[in-house]
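Subject: Handing over the structure

Hi,

Here is the structure I promised to pass on. Please open it alongside this email, and I will take you through what turned up.

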Amino acid sequence: MPAKAKVTKEMIIDAAFEIAKEAGAENINARTVASKLNCSTQPVMYHFATIGELKRAVYARLDWYHTEYLMNVRNPQNGIMLEIGLNYIRFAIEEPHLFRFLFQSGFAVENSLLEMIDSAELLPVLSAMREEMNLNMEQTKDIFITLALFVHGYASILVNNALEYDEELIKKHLEKAYKGALLATQEEMK
């Protein structure tokens with residue numbers, strides 16, 4: 001008789017990630033993950049003492065997945081800043097369950113936007129912005145916070161079905177917010 005296939009920690013995280021993507025993080029539990037892997041709940045509970053621990057592992061994977069999504073710029077000629085902002089909003093539209101898990105579930109390691117600004121996960125986004133705007137990192141962070149509040153507000157409203165998605169209108173508003181934040185920073189530099 002062949003040995004049973006071993007269910008690894010990575011397989012469990014992958015399955016839980018898929019559950020979060022398809023049905024929401026609130027549906028991650030030992031039974032749903034085991035069902036996805038076609039195994040008993042024992043391997044799930046062997047690798048993760050609690051479901052909260054599993055959700056934190058999925059959240060960490062999702063954080064990097066989200067960063068990669070943001071950095072996949074479709075139209076660089078529009079500017080990195082605009083495209084990253086639009087990607088943030090597109091992510092909310094295309095992956096509503098994942099967006100809610102990332103930003104509306106309380107699983108974030110950082111407690112605030114001001115703590116998040118110094119996280120390693122945000123460094124690729126900030127570096128791309130800094131390079132495009134030719135500013136120092138502190139100025140870049142200041143503009144990022146302004147834009148993050150604007151973009152996150154738009155994405156949250158859209159993901160909760162309180163506004164219809166109109167990319168051209170959003171692009172126009174995002175360009176205005178970006179220009180305003182950049183102008184304010186440049187005036188502060190004088």
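Let me begin with a term: rings of Phe, Tyr and Trp (its six-membered ring) pair if their centres lie within 6.5 Å, and planes under 30 degrees apart count as stacked, over 60 as edge-to-face and the rest as tilted. By that rule the structure holds eight aromatic pairs. The ring centres of Tyr-69 and Phe-91 are 5.1 Å apart and their planes stand at 70°, so this pair is edge-to-face. It links distant parts of the chain, with Tyr-69 in helix H4 (residues 51-71) and Phe-91 in helix H5 (residues 80-94), 22 residues apart. Helices here (H or I, at least four residues) are DSSP runs, numbered from the N terminus.

Before going further, a word on the ground rules. This is a predicted model, in which local features need pLDDT of at least 70 and side-chain atom pairs count only at pLDDT 80 or more, while totals for chains, interfaces and linings use all residues. Residues are numbered from 1 along each chain as its sequence is written, and side-chain values use heavy atoms, with hydrogens and water left out.

Back to that pair: are its two residues buried or exposed? Buried means under 20% relative accessible area, exposed over 50%, and partly exposed in between (1.4 Å probe, protein chains only). Tyr-69 is buried at 16%, and Phe-91 is buried at 0%. Together with Phe-17 and Tyr-65, Tyr-69 and Phe-91 form one aromatic cluster.

Helix H4 also holds His-66, which is buried with a relative accessible area of 4%. Leaving aside neighbours within four places in sequence, His-66 is in contact (heavy atoms within 4.5 Å) with Tyr-88, Phe-91, Leu-102 and Phe-103.

Another pair sits in helix H9 (residues 137-159), where Phe-150 and Tyr-154 are four residues apart and therefore separated by about one helical turn. Their ring centres are 5.6 Å apart with planes at 75°, so this pair too is edge-to-face. Phe-150 is partly exposed at 28%, whereas Tyr-154 is buried at 10%.

Next, the largest pocket. On a 1 Å grid over the protein atoms alone, a pocket is an open set of points where a 1.4 Å probe fits, with protein on both sides within 12 Å along at least five of seven lines; lining residues have an atom within 4 Å of a point. The largest pocket has a volume of about 660 Å³, volume being the space filled by probe spheres set on the points, which are joined across faces, edges and corners. It is lined by 33 residues, and Tyr-88, Phe-103, Leu-113, Met-116 and Phe-144 lie nearest its centre. H9 gives the largest share of that lining, six residues.

Helix H10 (residues 167-189) has 23 residues and reaches 32 Å from its first C-alpha to its last, close to the 33 Å expected at 1.5 Å a residue (1.5 Å times one less than its number of residues). Its buried residues, including Ile-170, Leu-174 and Tyr-178, pack against H5, H8 and H9.

Finally, two loop residues to look at. Asn-38 has a positive phi of about 55° although it is not a glycine; Asn-38 lies in the loop between helix H2 (30-37) and helix H3 (42-47) and is exposed at 72%. Asn-134 also has a positive phi of about 55° without being a glycine; Asn-134 is in the loop between H8 and H9 and is exposed at 68%.

Happy browsing!
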